[in-house]
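Hi,

Here is the structure I promised to pass on. Have a look at it first, and then read on for what turned up in it.

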There are 2 protein chains.
Amino acid sequence: MFAMAHSEPSASKAVDGGLSEEFAVPTHAEDVRKLMAEFAEHHGSAGRRVVLITSGGTKVPLESRTVRFLDNFSSGRRGASSAEYFLDSGYAVIFLHRHRSLYPYTRLYAGVNLLDSLQSESVKEDAGQILVDQNALPNIAKVLKRYQAVKAAGLLLPVEFNTLSEYLHLLKAAAQALSSIGSKAMFYLAAAVSDFYIPAYEMPEHKIQSSNGPLQISMKMVPKMLSPLVKDWAPKAFVISFKLETDPSILLERARRALETYNHQAVVANVLDTRRGYVVVVTKDTQQELVLTDEEVQEEVEIEDRIVSNLTAAHSQFMSQV
Amino acid sequence: MFAMAHSEPSASKAVDGGLSEEFAVPTHAEDVRKLMAEFAEHHGSAGRRVVLITSGGTKVPLESRTVRFLDNFSSGRRGASSAEYFLDSGYAVIFLHRHRSLYPYTRLYAGVNLLDSLQSESVKEDAGQILVDQNALPNIAKVLKRYQAVKAAGLLLPVEFNTLSEYLHLLKAAAQALSSIGSKAMFYLAAAVSDFYIPAYEMPEHKIQSSNGPLQISMKMVPKMLSPLVKDWAPKAFVISFKLETDPSILLERARRALETYNHQAVVANVLDTRRGYVVVVTKDTQQELVLTDEEVQEEVEIEDRIVSNLTAAHSQFMSQV
């Protein structure tokens with residue numbers, strides 16, 4: 001049985017809703033904040049917009065010395081793909097992603113075993129060179145060129161997280177880092193963040209023993225970061241959240257409710273089964289369906305291309321109104 | 001709140017402890033069983049031993065249309081690395097692994113971004129060739145050669161699973177497939193399998209709503225497959241299980257208890273923090289510590305080399321006694 005210790009910490013809640021009290025601050029948070037602030041200032045002063053993309057799921061440990069954890073379905077495809085379209089649109093991108101989730105450009109080859117993409121006949125013993133099999137990695141020359149150009153221009157800043165706790169603190173650090181560029185900052189919160197967690201003080205230290213019988217888990221609700229982000233940390237930024245449901249009948253109502261609660265600019269609403277071909281961009285006054293036709297799907301058009309077009313246009317309008 | 005429906009299925013438990021009743025059979029299970037049986041017969045009739053390695057963690061869904069799941073810490077490093085040493089020792093290997101967990105040989109480059117390992121200056125517009133940067137992929141020529149030789153010889157059969165349910169059924173199928181080669185079969189059960197699950201009939205269909213408040217999860221214990229595997233499915237095989245704990249003080253007692261309960265040949269016991277440099281191989285009559293010295297760690301000797309040496313020798317002795 002999963003025994004609960006009910007001794008809550010006595011310290012009073014901080015401004016951030018108890019974030020640093022309930023979730024340990026990662027040791028590198030301050031270094032990462034500085035890196036992100038420099039990145040934002042550098043690009044912001046060059047007149048460039050900066051988008052913070054969050055991507056991938058979060059890991060919620062069930063034990064302090066973690067063997068088991070709760071996770072969220074997310075390969076990070078939407079975030080990684082969107083990053084490419086934002087870069088194509090002239091944005092600089094901070095890519096806050098789950099360790100080992102899909103990465104911009106590289107994601108196109110995620111299903112390929114590296115060693116199956118290298119040519120055996122090309123291992124010339126003398127020259128000692130190894131060639132890429134371009135049939136195994138379609139468009140690799142073009143993709144590589146684009147990847148290297150983005151890297152050389154310093155337009156993509158990757159930041160990794162693993163646990164929910166790391167995610168929350170790094171998101172806060174990012175919001176603070178981007179506050180200096182005001183409305184030029186966009187938050188594109190595509191990560192699948194856990195709604196539930198077990199506080200450190202209620203967690204058993206060691207691996208839960210199966211010999212003790214069935215498992216009872218009681219999880220608290222994760223504080224909603226959107227609220228302090230919009231109100232306190234980056235009040236001038238253009239903020240987009242995502243809403244994924246499995247039940248289409250409740251989707252739009254949930255999206256509207258999120259907008260009312262957090263008072264941010266847009267919700268990208270989508271249903272698990274159809275998420276690659278259909279989303280609704282919901283704002284206070286509008287509701288736009290973005291749909292891929294069967295033809296477009298066959299031509300490998302990606303819905304993220306449409307989402308990013310829609311939102312960069314809305315961001316332009318937002319900036320002009322500030 | 002996570003509501004529990006208490007209507008258990010009425011069908012009586014099958015011989016497999018209710019496996020096919022509580023866990024849906026994957027549609028490809030029978031095809032995979034045939035593939036594995038052919039593989040085992042082919043190599044077995046050539047006098048070769050066959051090891052089934054399980055590797056990686058299992059995913060336990062919390063919802064039928066799964067957004068959230070429980071997972072186990074496991075990169076699949078131990079299984080993937082062990083596969084290479086078994087191949088070096090002349091075994092044919094069935095590699096039953098979690099989708100996207102580490103893979104033999106390829107695992108050596110898991111931390112490298114593919115696009116960072118290709119040389120830009122080598123994209124010759126005319127020739128259109130792309131070269132591998134061998135500094136980014138140490139020993140790639142040697143590793144590639146070995147990978148291709150193993151593949152060409154048909155010595156490695158990869159089989160993937162994702163959920164706990166898939167794992168359980170594919171393990172059963174593997175055990176049946178290997179029964180034809182008797183004591184030449186080894187089971188090396190290195191996967192980190194969940195001890196807990198939520199039966200399909202107790203699972204909510206849709207994504208659990210966070211607006212309903214904190215989450216209460218109640219999980220059943222997963223049936224121990226080791227028992228029917230040893231007793232019914234592959235009674236002549238050489239079977240090794242793994243025991244990972246975070247608390248060293250209970251490790252050996254748990255390993256001994258597993259041996260007594262399941263009556264198999266060996267338990268590889270290890271502690272989370274030290275698992276890469278220290279394990280104990282526990283059998284009914286013996287207890288052998290395998291330890292890497294600091295020097296060996298620096299020389300990148302892997303503990304799996306020692307584990308596999310130890311167990312292949314024990315397997316030889318086992319076969320000679322049958």
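Let's start inside one chain: the side chains of Asp195(A) and Lys224(A) meet in a salt bridge, at 3.1 Å from N to O. Asp195(A) sits in the loop between β6 (185-189) and β7 (196-197), and Lys224(A) in the loop between β8 and α6 (226-233), so the pair ties together parts of chain A that are 29 residues apart in sequence. Asp195(A) counts as buried, at 13% relative accessibility, whereas Lys224(A) is partly exposed at 37%. Keep in mind that this is a predicted model.

Arg107(B) and Glu84(B) form a salt bridge through their side chains, 2.9 Å from N to O. Arg107(B) belongs to the loop between β4 and α4, and Glu84(B) to helix α3 (residues 77-88), so this pair links parts of chain B that are 23 residues apart in sequence. Arg107(B) is buried, with a relative accessible area of 10%, and Glu84(B) is buried as well, at 7%. Over in chain A, salt bridges with shared partners join Arg77(A), Arg78(A), Glu84(A), Arg107(A), Glu302(A) and Glu304(A) into one network. Over all chains, the count comes to 32 salt bridges.

Now for the place where the chains meet. How many salt bridges are there between chain A and chain B? The count is 6. In one of them, Lys151(A) meets Asp116(B) at 2.6 Å, N to O. Lys151(A) lies in helix α4 of chain A and Asp116(B) in the loop between β4 (92-98) and α4 (140-152) of chain B, so the pair joins two chains. Asp116(B) is partly exposed, with a relative accessible area of 32%. Lys151(B) and Asp116(A) also meet in a salt bridge, at 2.6 Å from N to O.

Contacts involve 68 residues of chain A and 68 residues of chain B. The area buried between the two chains is about 6,100 Å², with carbon and sulfur atoms giving 57% of that. Leu115(A), Ile130(A) and Thr246(A) supply 11% of what chain A buries against chain B, more than any other three residues.

Polar contacts between the chains come to 33 residue pairs. On the side of chain A that touches chain B, α4(A) gives the most, with 8 residues. That side divides into 33 nonpolar, 19 polar and 16 charged residues.

One last thing to find: β3(A) pairs with strand β3 (residues 68-72) of chain B in the antiparallel sense, over 5 bridges. There, Leu70(A) has Leu70(B) as its bridge partner.

Cheers

Conventions:
Residues are numbered from 1 along each chain as its sequence is written. Chains are lettered from A and ligands numbered from 1 in the order in which they are written. This is a predicted model: local features need pLDDT of at least 70, side-chain atom pairs count only at pLDDT 80 or more; totals for chains, interfaces and linings use all residues. Side-chain values use heavy atoms; hydrogens and water are left out. Contact means heavy atoms within 4.5 Å. Buried area is the accessible area (1.4 Å probe) that two parts lose on being put together, summed over both. A salt bridge is a side-chain nitrogen of Lys or Arg within 4 Å of a carboxyl oxygen of Asp or Glu. A polar contact is a pair of N or O atoms within 3.5 Å; within protein, one must be able to donate a hydrogen and the other to accept it, and residues adjacent in sequence count only if both atoms are side-chain atoms. Helices (H or I, at least four residues) and strands (E, at least two) are DSSP runs, numbered from the N terminus. Ala, Val, Leu, Ile, Met, Phe, Trp, Tyr, Cys and Pro count as nonpolar, Asp, Glu, Lys and Arg as charged, and the others, Gly among them, as polar. Two strands pair if DSSP finds at least two bridges between them. Buried means under 20% relative accessible area, exposed over 50%, partly exposed in between (1.4 Å probe, protein chains only).
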